[in-house]
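User: I'm new to this one and would like to go through the labels one by one. Could you show me the model before I start asking?

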Amino acid sequence: MVESSMHATEHRTTGGEEAEGRRGGGAEARSASFLFSFLLAERRNTEKKRRDHGSGGEEEKGLWSRVCDESKKLWIIVGPAIFSRIVTFSMNIITQAFAGHLGDLELAAISIANTVVVGFNFGLMLGMASALETLCGQAFGAKKYHMLGVYMQRSWIVLFLCGILLLPMYFFATPILRWLGQPDDLADMAGTVSVWFIPLHFSFVFLFPLQRFLQCQMKNFVNAAISGVALIVHLFVTWLFVSKLHFGLIGIALTLNFSWWVTAILMFGYVACGGCPLTWKGFSMEAFVGLWDFLKLSAASGVMLCLENWYYRVLILLTGNLKDATIAVDALSICMNINGWEMMIPLAFFAGTGVRVANELGAGNGKGAKFATTVSVVTSLIIGLFFWALIMGLHDKIALIFTTSQVVLAAVDRLAILLAFTILLNSIQPILSGVAVGSGWQSTVAFVNIGSYYIIGVPVGVVMGWFFNLGVLGIWAGMIGGTAIQTLILAILTIRCDWDKEAMIASTRINKWAGPKDEKAKDCNVDEAA
């Protein structure tokens with residue numbers, strides 16, 4: 001009725017306008033006609049929005065309602081991601097626990113092989129696979145569903161080639177470890193174990209892209225469930241091979257290989273057997289198209305995340321070179337263990353933020369990406385403040401779960417304030433890195449990391465530790481300064497970001513790397529059918 005009335009009014013106005021025009025008063029009538037036309041158009045737009053979005057639409061929702069909706073989307077990713085990361089960490093702890101029953105040298109060999117040799121390659125390949133968080137996340141947001149499977153296959157190809165190039169690290173692990181100052185007997189045993197970890201190395205090639213492929217589709221519960229199954233399998237197989245069959249150190253390496261490959265096979269089985277009908281269309285020759293551009297983004301992602309992953313390993317290495325370093329290393333190891341467990345939460349937010357920002361940018365919603373960033377940062381910061389307060393309040397007691405040595409307890413007490421502020425910074429920095437991954441800023445952030453971590457943080461730590469005789473306290477404080485500078489730069493980049501422009505860049509990237517037109521058309525048909 002209202003629209004009909006307005007049509008009638010518009011008609012009468014038009015008639016009046018002609019009469020007034022003949023009498024010389026056309027300007028006022030034309031203004032009135034324009035006003036009525038504008039109001040009519042606005043009403044039609046409002047009714048269209050109501051039809052498309054239901055009562056009110058997202059823009060008419062209250063702030064609290066929008067925060068709750070975004071938090072729900074975020075925690076669908078973050079919750080299972082925390083569980084999956086704890087499971088991965090636990091598998092390594094189980095391996096080291098069984099190795100410890102074989103002897104001190106065996107425990108040290110497994111630890112060195114896992115931390116130095118496998119850890120180096122793990123960090124690089126995990127970083128390279130994170131390019132999928134940009135590409136798959138944006139493609140999913142843009143509803144270019146079939147491209148997710150193509151991107152994952154490209155990642156397999158790139159990571160497989162990278163895996164082959166990294167093989168010399170396993171074959172020459174013994175001389176490398178000797179060069180790093182390890183004793184001959186430890187270097188020999190760790191080098192032998194490293195060769196047996198080559199199957200584990202190639203499981204990363206397939207597993208990491210599969211995890212990100214599922215993560216970008218909000219299927220993190222699948223990741224979590226399969227990780228839980230793999231943990232149970234790992235515990236049983238390790239007990240069988242080591243305690244019952246007495247396969248020794250090689251048996252421990254084989255169990256870790258087996259468990260990681262079980263995880264990869266179960267995930268691929270879920271994908272290939274109908275778990276992702278829109279995003280997995282089978283193997284495609286499109287995977288071999290645009291590999292150079294894909295490689296460049298993967299390499300930038302690898303460098304960016306590796307520089308972060310290795311930063312605090314440098315702290316332990318530098319501390320080991322101090323005079324009378326035993327107590328300092330013990331205290332620092334306890335602090336790093338506590339930080340490592342808590343770090344599971346910010347790293348899960350890193351993954352969740354990357355996916356949410358990429359999804360919104362892929363959908364062309366720059367404001368949505370900005371809002372997702374704000375909710376992620378605030379949520380993680382609140383959690384970080386809780387743990388900061390916990391560490392500050394229990395500074396003299398937090399080490400009791402690791403040791404009863406009064407000397408070590410006192411050393412941890414002195415370091416507790418640095419641990420608290422490291423945790424606080426880490427509640428922000430990984431989330432901003434997640435924004436960078438979701439937006440495709442990996443190359444820029446790689447340079448930021450080099451400058452803030454290795455040109456500022458490490459040298460300042462060395463100066464404070466040795467020249468000012470502050471020891472581990474000075475080294476760590478200097479490196480926290482590097483983290484603070486990196487966090488500040490990323491915050492400035494994020495605050496000054498033109499999100500609408502980033503949405504356009506994401507759209508350009510998707511169209512540039514999308515498949516043939518017939519595949520695009522097929523995608524549209526699938527969308528309409530859904």
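User: Why is C68 called partly exposed?

Analyst: The relative accessible area of C68 is 34%. Buried means under 20%, exposed means over 50%, and partly exposed is what lies in between, with a 1.4 Å probe and protein chains only. C68 falls in between, so it is partly exposed. Before we go on: this is a predicted model, where local features need pLDDT of at least 70, side-chain atom pairs count only at pLDDT 80 or more, and totals for chains, interfaces and linings use all residues. Residues are numbered from 1 along each chain as its sequence is written, and side-chain values use heavy atoms, leaving out hydrogens and water.

User: What makes C335 buried?

Analyst: C335 comes out at 0% relative accessibility, so it counts as buried.

User: Why does H246 count as exposed?

Analyst: Because H246 has 61% relative accessibility, and exposed means over 50%. H246 sits in the loop between α11 (220–244) and α12 (248–275); the helices are DSSP runs of H or I, at least four residues, numbered from the N terminus. H246 also has a positive phi of about 55°, although it is not a glycine.

User: And K143, what makes it partly exposed?

Analyst: K143 has a relative accessible area of 44%, so it is partly exposed. You'll find K143 in the loop between α5 (131–141) and α6 (146–165). Its phi is positive too, near 65°, in a residue other than glycine.

User: Why is V462 called partly exposed?

Analyst: V462 is at 27% relative accessibility, so that's the label it gets. V462 belongs to helix α18 (residues 442–467).

User: Which residues does V462 touch, not counting those up to four places away in sequence?

Analyst: V462 touches L318 and F467, where contact means heavy atoms within 4.5 Å. As for L315, 147 residues from V462 along the chain, the two C-alpha atoms are 9.7 Å apart.

User: What pLDDT does the protein chain average?

Analyst: The average is 83, and 84% of the residues score at least 70. Over residues 1–32, though, pLDDT is below 50, and that stretch has 22 contacts in the model beyond near neighbours in sequence. pLDDT is the predictor's confidence in each residue, from 0 to 100.

User: Where else does pLDDT stay under 50?

Analyst: Over residues 517–530, for which the model has 14 contacts beyond four places in sequence.

Terms used. Helices (H or I, at least four residues) and strands (E, at least two) are DSSP runs, numbered from the N terminus.
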